[in-house]
Amino acid sequence: METLEPLIAEHPFFRDLPREYIHLITGCASNVRFDAGQYLFREEDEANQFYLIRQGKIAVEVFTPQQGRLLIQTMGAGEVLGWSWLVPPYKWRFDSRAIELTRAISMDGKCLRAKCEDDPRLGYELFKRFSAIIAERLHATRLQMLDIYGTSE
Amino acid sequence: MVTFIYFNYMITENNNSFLRIEREDLQGLIEALAESGYRVIGPTVRDGAIVYDEVEKLDDLPAGWTDEQQPGSYRLKRRDDRALFGFNVGPHSWKKFLHPPNLRLFQAKRNDKGFEISNDNQPAPDLVFLGVRACELHAIAIQDKVFINGPYVDSVYGERREKAFVVAVNCGQAGGTCFCTSMKTGPRAESGFDIALTEVIETDQHYFVAEAGSERGVEILEKTRTRKADESEKKKAVEIVEFAASRMGRNLDTTGIKELLYRNHDHPRWEDVASRCLTCANCTMACPTCFCTTVEDTTDLTGDHAERWRRWDSCFTTDFSYIHGGSMRVSVKSRYRQWMTHKLAAWIDQFGTSGCVGCGRCITWCPAGIDITEEAAAIRKNELQRENKEQQDGNA
Amino acid sequence: MNDPMMPSIWRIKNYRTETADTFTIDLVNEHGQDGMTGMHFQPGQFNMLYLFGAGESAISISGDPRNKDVLTHTVRAVGTVTRALARLKRGDVIGVRGPYGSPWPVVEAIGNDVLIVAGGIGLAPLRPVIYHLIAEREKYGKVTLLYGARSPVDILFRQELEKWRGRFDMQVEATVDNARQGQTWHGNAGVVTGLIPRAGFDPSQTTVMICGPELMMRFTIIELQKRGIEEDAIHVSMERNMKCAIGLCGHCQLGPEFICKNGPVFRFDRIRDSFRKREI
């Protein structure tokens, strides 16, 4: 797995993470690819990983009985998908599907959680980075909820 | 093509001679103006107030009347003399003659190609404004900046303004809501008139000291029975205005007022005044400088004829700031704040002058007696306390 | 002197439905000067459109400033006048007066990267800028258009966006708040501010032009400032009630500014104080 270390280090999500931590978490990483249309995960699946997207585009969707798949977010290179692995009961709340050929690094959540328990400083560093992402997604969600382009009627 | 030349008022040594006109000879001045083709508009008593309307003879003027003004209160009272201008300002201002409250902008008629638009503006009437106070001269000068000194000219205003013959009258008294000295707009008429009068009443004589401010003012005075005013008469006229200046009913501290209001957008006083303000828009209608208008479109029953009208509007309505989705100023607080901040602050950025002339109409005609000078002082006072407190904290 | 409140008569040459509530009209002036049937205007300017008996509405010009043959407006039917305008058809006539207002800084932007952020109908007043940039492409650095809409069917000028996206000399990213199954959409989902990290620009050499709902502009400015864009490089187009369009009716005031004559396009640092005050 040594070859993944530089890829992880250059991903924006892990920018400026100390070298020893990069090395440590590389042990939880694996290289993955998804063809267009392929699901990364589905709602209610166990959430045991997150993805550093390197290339391609993935969609976050929710299935509604009347409207079918509802697309709520897309993500591309440089972005991070998934934080359900951080929070019990570690289940995905949405579907995720590759829209085009996507290459990513999959980080094993169980493995990472264990490393975080062992080294709370690493844990705190990861939680800081994820809380920024969670906050950003929450802001975005609120804006979407406001339907700012819609008419007020 | 209308050429706009407004400030052809000139004060030169030759014209600056002061004349004495006996009270009864003022009739001659009105007649001279009428003979020159003018309709004379002046103060007259109607419905318990002194308003501006057509006057033909001295008896039409409010002879022997005065007005008592306080926040939310206006009363006419008898004077113990026969003064023709022994009062201050009433609910009307000259703006209704220069900036009509209702104006048809155009008519549209359907035709075989769709429709056509025509503008049937009548030529402006030749009006004399008789009895214009110093604050009102300043109000007119302020509206000049709005309507004719910007990139776009309101030609209706411009034409009326160019034609209007202005007879100013200096104030011999100050009303309970007057604060022209604070705004540096009075009580003496300094410029912007064709003729200026000061009414002098003594036990045995009653006359006017007149001065011409323009060529046409000189011409009219030549047609009026006058004699040269002597030094004591001129001195008397000056003293009368000085007396008025010493009797201001109100005071407004304008030091740094623009910055004061801009930085106090969230001052609690706005909530306080909002609890009293009825958003009735009286202040904006009575104000001699408020210029906002809206438009209304109408069609007749056949649907073949449409008109577009312009009407005075007020920033105190929620409709005023409505855009699809809602009004920008929903709270009463925001609407009072807009009016006062515009008047005393934003106006300075927009037109290089305050929008307030200290005439006191907004105070007198407010049914809740809201006093712009008191509101400004309240904001200043609280802010001063805050600054003092910071200073004390700093020293501690 | 022409009375600035008098419209001239223009005929609808083309009417196109853009989205469920938005349409575009091409107008010609049969009595135009020098045989010109269009209008000279600068990107960002607007006209007052008068509909017989119904009234006027301020509508930005959405066409190509180089096109002297037609005058193009894209209108969203949300008010009394605009809903009535939506019912017009080819051959009908309306009144037009203008153009009014300040332009986008296409001249000041020469030599810079240009970042355009548009939301909803806000793309309409920016389209003349895009036409201009394409026509004089060599004068500008990187050109990026970020566009946010409610859903794929609400995307304005979709074919043109796709055409621009296909150019090698500009980056075009569109995003929707959400997309339903069956709505053909291969673009992004999420808020328009989420696209900003993908835009390539040099913060010290970029001119930004933003038009959309005020809330969207507010959040966009915050995102841009995080990325080192200075306030004086940001330009926004503001909207307020307008009756006269010439600074005389008082309706469109925003603090000391009259949106109609000092705006609608403002350099952000010049209106920052008013922009952040509530109910101003």
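# Contacts and helices in a predicted model

Author: In this predicted model, chain B gives 55 residues to its contact with chain C, and chain C gives 40 residues.

Reader: How do you know how much area chain B and chain C bury between them?

Author: Buried area is the accessible area that two parts lose on being put together, summed over both. For chain B and chain C this comes to about 4000 Å², with 61% of it on carbon and sulfur atoms. Of the area that chain B buries against chain C, 17% is supplied by Phe115(B), Tyr152(B) and Met328(B), more than by any other three residues.

Reader: Why is the pair Arg308(B) and Glu56(C) called a salt bridge?

Author: The term asks for a side-chain nitrogen of Lys or Arg within 4 Å of a carboxyl oxygen of Asp or Glu. The closest N and O atoms of Arg308(B) and Glu56(C) are 2.9 Å apart, so the pair meets the cut-off. The count between chain B and chain C is one salt bridge, and there are also 22 residue pairs in polar contact across that interface.

Reader: Which elements give two or more residues to the side of chain B that touches chain C?

Author: They include the strands β6 (102-111), β7 (114-118) and β13 (293-299) of chain B, as well as the helices α3 (134-147) and α11 (332-351) of chain B. The largest share of that side, eight residues, comes from α11(B).

Reader: What makes up the contact between chain A and chain C?

Author: Chain A contributes 22 residues and chain C contributes 27 residues. Together chain A and chain C bury about 2100 Å², of which 54% lies on carbon and sulfur atoms. Leu71(A), Leu143(A) and Tyr149(A) account for 33% of the area that chain A buries against chain C, more than any other three residues.

Reader: What makes the meeting of Arg150(C) and Asp147(A) a salt bridge?

Author: The distance from N to O is 2.8 Å, and because the cut-off is 4 Å, this Arg and Asp pair qualifies. The rule finds two salt bridges across the interface of chain A and chain C, and the count of residue pairs in polar contact there is 10. On the side of chain A that touches chain C, β5 (68-76) and α4 (120-146) of chain A each give two or more residues, and β5(A) gives the most, with nine residues.

Reader: How do you know that the span of helix α7 of chain B is close to the expected one?

Author: Helix α7(B), residues 231-245, has 15 residues and reaches 21 Å from its first C-alpha to its last, while 21 Å is expected at 1.5 Å a residue.

Reader: Why are the buried residues of α7(B) said to be on the same side?

Author: The buried residues are Glu233(B), Ala237(B), Ile240(B), Val241(B) and Ala244(B). They cover an arc of only 90 degrees around the axis, and therefore they are on the same side of α7(B). These buried residues pack against β1 (18-22), β10 (195-201), β11 (206-212) and β12 (227-228) of chain B. The face turned away from the buried side carries the exposed residues Glu231(B), Ser232(B), Lys235(B) and Glu242(B).

Reader: What puts the buried residues of α6(B) on the same side?

Author: In helix α6 of chain B, residues 215-222, the buried residues are Gly217(B), Val218(B), Ile220(B) and Leu221(B). Their arc around the axis is only 165 degrees, which puts them on the same side of α6(B). They pack against β1, α1 (26-35), β9 (165-169), β10 and β11 of chain B.

Technical notes: Residues numbered from 1 in each chain as written. Chains lettered and ligands numbered in written order. Predicted model: local features only at pLDDT ≥ 70, side-chain atom pairs only at ≥ 80, totals over all residues. Heavy atoms only, no water. Helix = DSSP H or I, 4+ residues; strand = E, 2+ residues; numbered from the N terminus. Expected span 1.5 Å × (residues − 1). Buried < 20%, exposed > 50% of the residue type's maximum accessible area, 1.4 Å probe, protein only. Arc of directions from axis to C-beta. Contact = heavy atoms within 4.5 Å. Buried area = accessible area lost by both parts, 1.4 Å probe. Polar contact = N/O pair within 3.5 Å; in protein donor to acceptor, adjacent residues only side chain to side chain.
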